[in-house]
Amino acid sequence: MRIVSLVPHATELLFALSAGDELVAVTHECDHPPAALELPRVTRDVLPAGLGAAEIDRAVRERTLGGRSDL
């Protein structure tokens with residue numbers, strides 16, 4: 001089986017269940033356990049680092065309303 005995890009918590013659970021060897025890729029947010037950092041990334045962060053919750057919400061709304069799908 002080949003698994004791509006799109007949720008950081010799912011990545012952690014798969015490793016906890018000894019299924020880490022089945023993972024072939026993860027998201028840019030998957031950083032635990034350390035072995036997850038060695039896997040290819042299938043997503044990327046397009047928002048600037050360090051934004052607060054309200055700023056993230058505003059940026060996502062602007063992109064969505066503008067018809068952008070690069071989130």
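Analyst: Contact here means heavy atoms within 4.5 Å. In this predicted model, Cys30 touches Val7, Pro8, Thr11, Ala36, Leu37 and Arg41, leaving aside residues up to four places away in sequence.

User: What makes Cys30 part of a nonpolar core, and which residues belong to that core?

Analyst: A nonpolar core joins buried residues of listed types, Cys among them, through side-chain atoms within 4.5 Å. Cys30 is one of the seven residues of the largest such core, together with Ile3, Leu14, Ala19, Leu23, Val26 and Leu39. In soluble globular proteins, nonpolar side chains tend to be buried together.

User: Why is Thr11 called buried?

Analyst: The relative accessible area of Thr11 is 0%, and the term buried applies under 20%; Thr11 is therefore buried. This residue lies in helix H1, residues 8-16. Beyond four places in sequence, Thr11 touches Ser5, Leu23, Val26, Cys30, His32 and Ala36.

User: How do you know whether Thr27 is buried or exposed?

Analyst: Thr27 has a relative accessible area of 5%. Because the limit for buried is under 20%, Thr27 is classed as buried. Its place is the loop between strand S2 (23-25) and H2. The contacts of Thr27, again not counting residues up to four places away in sequence, are Ser5, Leu6, Val7, Pro8, Arg41 and Thr43.

User: What makes Arg61 and Asp57 a salt bridge?

Analyst: The closest N and O atoms of Arg61 and Asp57 are 2.8 Å apart. The rule asks for a side-chain nitrogen of Lys or Arg within 4 Å of a carboxyl oxygen of Asp or Glu, so the pair qualifies as a salt bridge. By this rule, the count is one salt bridge. Both residues lie in helix H2 (residues 53-65), four residues apart, about one turn of the helix.

User: Why is Arg61 called exposed, and how is Asp57 classed?

Analyst: Arg61 stands at 52% relative accessibility, and exposed means over 50%; Arg61 therefore counts as exposed. Asp57, at 37%, is partly exposed, because its value falls between the 20% and 50% limits.

User: How do you know that the span of H2 is close to the expected one?

Analyst: H2 has 13 residues and reaches 18 Å from its first C-alpha to its last, and 18 Å is also what is expected at 1.5 Å a residue. Just after H2, Gly67 takes a positive phi of about 80 degrees.

User: Why is Val4 called partly exposed?

Analyst: Val4, in strand S1 (residues 3-4), has 42% relative accessibility. That value lies between the limits of 20% and 50%, so Val4 counts as partly exposed. With Leu6, Val7 and Val42, Val4 makes a nonpolar surface patch of about 350 Å².

Notes. Residues numbered from 1 in each chain as written. Predicted model: local features only at pLDDT ≥ 70, side-chain atom pairs only at ≥ 80, totals over all residues. Heavy atoms only, no water. Helix = DSSP H or I, 4+ residues; strand = E, 2+ residues; numbered from the N terminus. Buried < 20%, exposed > 50% of the residue type's maximum accessible area, 1.4 Å probe, protein only. Expected span 1.5 Å × (residues − 1). Patch = residues over 30% accessible without salt bridge, like charges linked within 9 Å, V, L, I, M, F, W, Y side chains within 5 Å. Areas by Shrake-Rupley, 256 points an atom, 1.4 Å probe, with all protein chains shown as cover.
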